[in-house]
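The sequence and the structure are shown first.

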Amino acid sequence: MKRLTILGSTGSIGTSALQVIAACPEEFSVQYLTAGSNAELLIQQALQFQPQAVAIRDEKQYKLIASELRSKNIQVLIGQEGIEEIAGAQDIDLVLNAIAGTAGLVPTYLALQQGKDVALANKESLVMAGEIIKEICARTGAKLLPVDSEHSAIWQCLLGESHQAIKRLILTGSGGPFRQLSLSQFEQIKPADALRHPVWTMGKKITVDSATLMNKGLEIIEAHWLFEIPATQIEVIIHPQSIIHSMVEFCDDSIKAQLGLPDMRLPIQFALNYPHRLALAWEQLDLVKIGNLTFESPDMTKFPALRLAYAALERGGTAPAILNVVNEQAVGAFLRQEIKFTQIPALVEKALSLLPIKAHPDLSAILEIEILARDFVAREINSQERNAIA
Ligand SMILES: NC(=O)c1ccc[n+]([C@@H]2O[C@H](COP(=O)([O-])OP(=O)(O)OC[C@H]3O[C@@H](n4cnc5c(N)ncnc54)[C@H](OP(=O)(O)O)[C@@H]3O)[C@@H](O)[C@H]2O)c1
């Protein structure tokens, strides 16, 4: 039985993972759960899965959770420290990191440092600190198991293949809700429009990233680190049906693809139970019912985030971390209606041209960027508001 930690158990990936675990109780035991602020759901999950401890980031929720769980012999930890203590726990076999955004980086780092394998949904960890993470994996022997559906697909296509035989990684993407919208209408996009993804149901941050195609940009960087392939050999193709989750082209021009319904439980179960597949009874893919699979090139003018991600990866050092944290801050500002949709990539581009970029950063240099990025986005919004008043 695999002993698991689920970081971010109350989110979209976390709850899907718990569905997989509930469907095969003889394979997994849940030892630790963590949440950001959703105390009610965390309590419910703890009562169902009986972990030894839970942690919640929002310290105000402590009393409520402790009053519900103490009598059940479940320890309750709080704040960033509580989450970090759980991320670094020794008595487990695998950590699933499903925390959204930059907050996932330190937990990934701590788990790998303990030599624990990490099923990684939190792509931001690798985008920000790919070099550091690969170095810890090499030192401790810990493995990264991709959870992102595209990277899971590539991983599955590469099983049994040699690295030298890879010609190209082909990441597919649905194209998001604005694939067919003309650029002239982008200025009017509201948060509710961006949160309406045509295929996937996900957390807010990744849903907006999918609308700007920054999500695909982050995935290019993630693929680079996971599979050790240069940016020039990673291509993005828009595939609106989201049935082919990604492909690999080999030196003999043969292309392998992995297909499945757009359901994150599939890549989650593959990562949790690797190297064995689980026979779980979710809805089956019916290709005849789907009928057509179509493909198109991404429009880099409408979606500059893709170009920015390639450029940040080429630049290296702290550039991908700057791209990631400025994007995250800008997405937050867009959701609060402080900036327009089109300003998300514009702010990222400006930050990449203005903020200092360091080569081979350590973890503290990466973490400093978060503060720098927050200040940068706040300053930009303030100056925009001042200009609007003047
Ligand atoms: N959703 C998908 O289909 C999908 C697909 C591929 C990759 N991913 C990646 O998986 C990760 C999670 O995505 P998601 O869609 O599941 O996000 P989500 O629904 O927003 O869930 C995020 C989880 O992280 C917790 N959290 C948020 N801020 C935190 C903080 N500062 N400290 C500790 N915990 C915090 C949340 O807790 P509360 O809810 O309790 O506040 C929740 O449990 C992201 O990196 C995303 O890119 C997601």
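A residue counts as buried if 20 or more other C-beta atoms lie within 10 Å of its own. The model described here is predicted. By that cut-off, eight of the nine residues of H9 are buried, so this helix is largely enclosed by the rest of the structure.

- The buried residues of H9 are Lys205, Ile206, Thr207, Val208, Asp209, Ser210, Ala211 and Thr212.
- Their cover includes helix H8 (191-194), helix H10 (214-227), helix H13 (304-315), H14 and helix H15 (343-354).
- Helix H9 (residues 204-212) packs against helix H14 (residues 319-335) at an angle of about 95 degrees, and the two axes are 10 Å apart.
- An angle of 65 to 115 degrees counts as roughly perpendicular, and H9 and H14 are therefore roughly perpendicular to each other.
- On the H9 side the contact is made by Lys204, Lys205, Val208 and Asp209, which meet Glu328, Val331, Phe334 and Leu335 of H14.
- By class, this contact of H9 with H14 has four nonpolar and four charged residues, and no polar ones.
- Just after H9, Leu213 has a positive phi of about 70 degrees.

**Ligand shell**

- The ligand is surrounded by 28 residues, of which the closest are Gly11, Gly36, Asn38, Met202 and Gly203.
- Two elements give two or more residues to this shell, namely helix H1 (12-23) and helix H6 (123-140).
- H1 provides the largest share of the shell, three residues.
- The shell divides by class into 12 nonpolar, 12 polar and four charged residues.

**Domains**

- The domain assignment gives domain 1 (2-146) and domain 2 (316-390).
- Between the C-alpha centres of domain 1 and domain 2 the distance is 28 Å.
- In the contact between them, nine residues of domain 1 meet 10 residues of domain 2.
- On the side of domain 1 that touches domain 2, H6 gives the most, with six residues.
- That side of domain 1 holds five nonpolar, two polar and two charged residues.

**Ile255**

- Ile255 is in strand E11 (residues 255-259).
- Ile255 counts as partly exposed because it has 13 C-beta neighbours inside 10 Å.
- Apart from neighbours within four places in sequence, Ile255 is in contact with Met247, Val248 and Glu249.
- From Ile255 to Leu169 the separation is 86 residues in sequence and 9.5 Å in space, C-alpha to C-alpha.

**Backbone details in loops**

- Tyr274 and Pro275 are joined by a cis peptide bond, with omega about 10 degrees.
- Pro275 is in the loop between helix H11 (265-273) and helix H12 (287-290).
- Asn73, which is not a glycine, has a positive phi of about 70 degrees.
- The loop that holds Asn73 runs between helix H3 (62-69) and strand E4 (75-78).
- Asn73 is exposed, with 8 other C-beta atoms within 10 Å.
- His360, also a residue other than glycine, has a positive phi near 45 degrees.
- The loop between H15 and helix H16 (363-389) contains His360.
- With 11 other C-beta atoms within 10 Å, His360 is exposed.

Notes. Residues numbered from 1 in each chain as written. Predicted model: local features only at pLDDT ≥ 70, side-chain atom pairs only at ≥ 80, totals over all residues. Near = placed C-beta within 6 Å. Helix = DSSP H or I, 4+ residues; strand = E, 2+ residues; numbered from the N terminus. Nonpolar A, V, L, I, M, F, W, Y, C, P; charged D, E, K, R; others polar. Axes fitted to C-alpha atoms, helices over the stretch in contact; angles between N-to-C directions. Parallel < 35°, antiparallel > 145°, perpendicular 65-115°, else oblique. Contact = placed C-beta atoms within 7 Å. Buried ≥ 20, exposed ≤ 12 C-beta atoms within 10 Å, placed from the backbone. Domains from an automatic or database assignment.
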